[in-house]
Amino acid sequence: MTSLFGRHLITFDQWSRTEIDTVLDMADELKRRRAAGEVLDWLKNRTLFMIFFEQSTRTRNSMEAAMTQLGGHAHDLTAEKMQISHGETPRDTAKVLSRMGEAIAIRNCFYGIGNRYLNDIAAHADIPLISMQDDVYHPLQAIADLMTIREHCGPDLRGRKVAISWAYAASHAKPLSVPQSQILLFPRYGMDVVVAHPPEFPLQPDLVARAQQHAAQNGCRLTFTETMEDALRDADIVIPKNWGGFAHIPDFTDDEPHRYLMRNNLERHRDWICDERRFALARPDARVMHALPADRGREVTDAVLDSPNSIIYDEAENRLHTAKSLLTLLLGRR
Ligand code: CP
């Protein structure tokens, strides 16, 4: 597939299966070539503008390292470093950056705001807009997860069972975008996905409906349960991960009453931790994954996360290879 040049990436749900396969194939190729010590300059003199509204370790460094390793350069920006903080419009920001470089990448996870902001930038940008996570989607994480599962389970993933379980965390209310991107992508590759969460922490109903359609079209199942045990039983892949609530409440604002309510709901579910007893319900060769950062000892125990079944660092490394693949395909000269 060679027609990805210039495309925006906000969610892989807007991309065909063939286009996603192209990203995975290119990522495999770039991983092999890095292992062989090859130096590539496919993005020489190309500039990526990265604008972060929130913190990041993996996304920031995988994208910046990707540009460096391909001979280009990434500007590491925040809203505060730019006139965005003084109210400059998405249109002016998009138009100006389009005159100066080859792509814009943005992370904005504010509930009810982030996805709309990214779409606003995309509507006015003359160069690709790449989501580095918003309040709804995290495509860069989902594609790295898929690459990692293929490496460990083989290219034919039909009939594999992925358990995505909500887990308790105290560090911050983690975005819904990771599980939502996973349930949208994994069924397209024939994987059965079961999601466990307490009733207060549902995923967005419209995205669940879309993911159910993908599952039906691909002969697999997306199911839901309210216990971690149910989800983990006989799973091939276990993903214990916190996410916050309220993202799909239209007037949600991150104000004090909401945060109070969220904390109350959280504290009732401290026992939602993936420990050795629960992980033992999965298949003996099951892999545990986590997008990271993990709340160790809250979402998942060290014993599970550091066990031989853990592939969390492969998953993190694959953020680099998939970032290089996407940047090559979207920005590279033809
Ligand atoms: N998984 C992930 O996106 O990590 P960062 O928040 O560190 O970028």
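Setting aside neighbours within four places in sequence, Asp145 touches Gln182, Phe186, Met289 and Glu315, contact meaning heavy atoms within 4.5 Å. This is a predicted model, in which local features need pLDDT of at least 70, side-chain atom pairs count only at pLDDT 80 or more, and totals for chains, interfaces and linings use all residues. Residues are numbered from 1 along each chain as its sequence is written, and side-chain values use heavy atoms, with hydrogens and water left out.

Asp145 sits in helix H5 (residues 139-153); helices are DSSP runs of H or I of at least four residues, strands are runs of E of at least two, and both are numbered from the N terminus. Asp145 is buried but has no salt bridge. Buried means under 20% relative accessible area, exposed over 50%, and partly exposed in between (1.4 Å probe, protein chains only). A salt bridge needs a side-chain nitrogen of Lys or Arg within 4 Å of a carboxyl oxygen of Asp or Glu. The nearest side chain of opposite charge to Asp145 is Arg319, 7.1 Å away; Lys and Arg count as positive, Asp and Glu as negative, while His and the chain ends are not counted.

Arg319 is also one of the residues around the ligand, a residue being included if one of its heavy atoms lies within 4 Å.

Elsewhere, Lys95 and Asp126 form a salt bridge (3.5 Å, N to O). Lys95 belongs to helix H3 (residues 90-98) and Asp126 to the loop between helix H4 (114-124) and strand S4 (129-134), so the pair ties together parts 31 residues apart in sequence. Lys95 is partly exposed at 29%, and Asp126 is exposed at 55%.
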